[in-house]
Amino acid sequence: MKFHLKPTDPGKLVADVLICFCWENELKNLSGLPSELTEDIAEIAQKENFIGKESQILTLYPNGIISSFKFLLYGLGKKDDFDLFKLYKSIASSVKKVMAAKPVK
């Protein structure tokens, strides 16, 4: 399995699982994703009470909207409370979640 961490247009990446991070109450600020996917995220987030709190996870199956089989949105919490330790913790936690799903590549 290969991991790539880089700032890029997430809608153009090919991966088994695409992990994106978001700040609490800032779902409308997701960029680089197709509008169809952001609409799905907003709808599912509302149903699942996902607002991007720290360690909150929302999983979607984009069904061909993007090249990734699965899309994982990971909440970082409030921007003002964020620090380097929380970044490491968020990345590690999201990778563990992906590994539990046993991705192909």
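Begin by selecting Lys47 and Glu43: being four residues apart in helix 1, they are separated by about one helical turn. Helices here are DSSP runs of H or I with at least four residues, strands are runs of E with at least two, and both are numbered from the N terminus. The two side chains form a salt bridge, with the closest N and O atoms 3.2 Å apart; the term stands for a side-chain nitrogen of Lys or Arg within 4 Å of a carboxyl oxygen of Asp or Glu. Lys47 is exposed at 63% relative accessibility, while Glu43 is partly exposed at 41%. Buried means under 20% relative accessible area, exposed over 50%, and partly exposed in between, with a 1.4 Å probe and protein chains only.

The model is predicted: local features need pLDDT of at least 70 and side-chain atom pairs count only at pLDDT 80 or more, whereas totals for chains, interfaces and linings use all residues. Residues are numbered from 1 along each chain as its sequence is written, and side-chain values use heavy atoms, leaving out hydrogens and water.

Now show the whole chain as a cartoon. The protein chain has two helices and three strands, in the order β-α-β-β-α from the N terminus. Of its 105 residues, 31% count as buried. Among contacts (heavy atoms within 4.5 Å) between residues at least 6 apart in sequence, 58% join residues at least 24 apart.

Stay in helix 1 (residues 35-48) and select Glu39. This residue is exposed, with a relative accessible area of 53%.

Next, select residues 57-60, which make up strand 2. Leu58 and Leu60 lie on its covered face, Ile57 and Thr59 on the uncovered one. Strand 2 runs antiparallel to strand 3 (residues 70-75), and four bridges join them; pairing requires at least two DSSP bridges between strands. Thr59 has Leu72 in strand 3 as its bridge partner.

Which cysteine sulfur is closest to that of Cys20? The sulfur of Cys22 is, at 9.0 Å, too far for a bond. A disulfide needs two cysteine sulfur atoms within 2.5 Å, and the structure holds zero. Cys20 is buried at 11% relative accessibility, and Cys22 is buried at 3%.

Return to the salt bridges, of which a search of the whole structure finds four. Select Glu26 and Lys79, whose closest N and O atoms are 3.8 Å apart in a salt bridge. The pair links distant parts of the chain, 53 residues apart: Glu26 is in the loop between strand 1 (17-22) and helix 1, Lys79 in the loop between strand 3 and helix 2. Both are partly exposed, Glu26 at 23% and Lys79 at 45%.

Move to Lys89 and Glu54, whose side chains meet in a salt bridge (3.5 Å, N to O). Lys89 is in helix 2 and Glu54 in the loop between helix 1 and strand 2, 35 residues apart.

Finish on the surface with Leu84, Leu87 and Tyr88, a nonpolar patch with about 300 Å² of accessible area together. Patches consist of residues with over 30% relative accessible area and no salt bridge, joined within 9 Å for like charges and within 5 Å for nonpolar side chains (Val, Leu, Ile, Met, Phe, Trp, Tyr). Accessible areas come from the Shrake-Rupley method with a 1.4 Å probe; for residues, only the protein chains shown count as cover. Leu87 is in helix 2 (residues 84-100) and is partly exposed at 31% relative accessibility.
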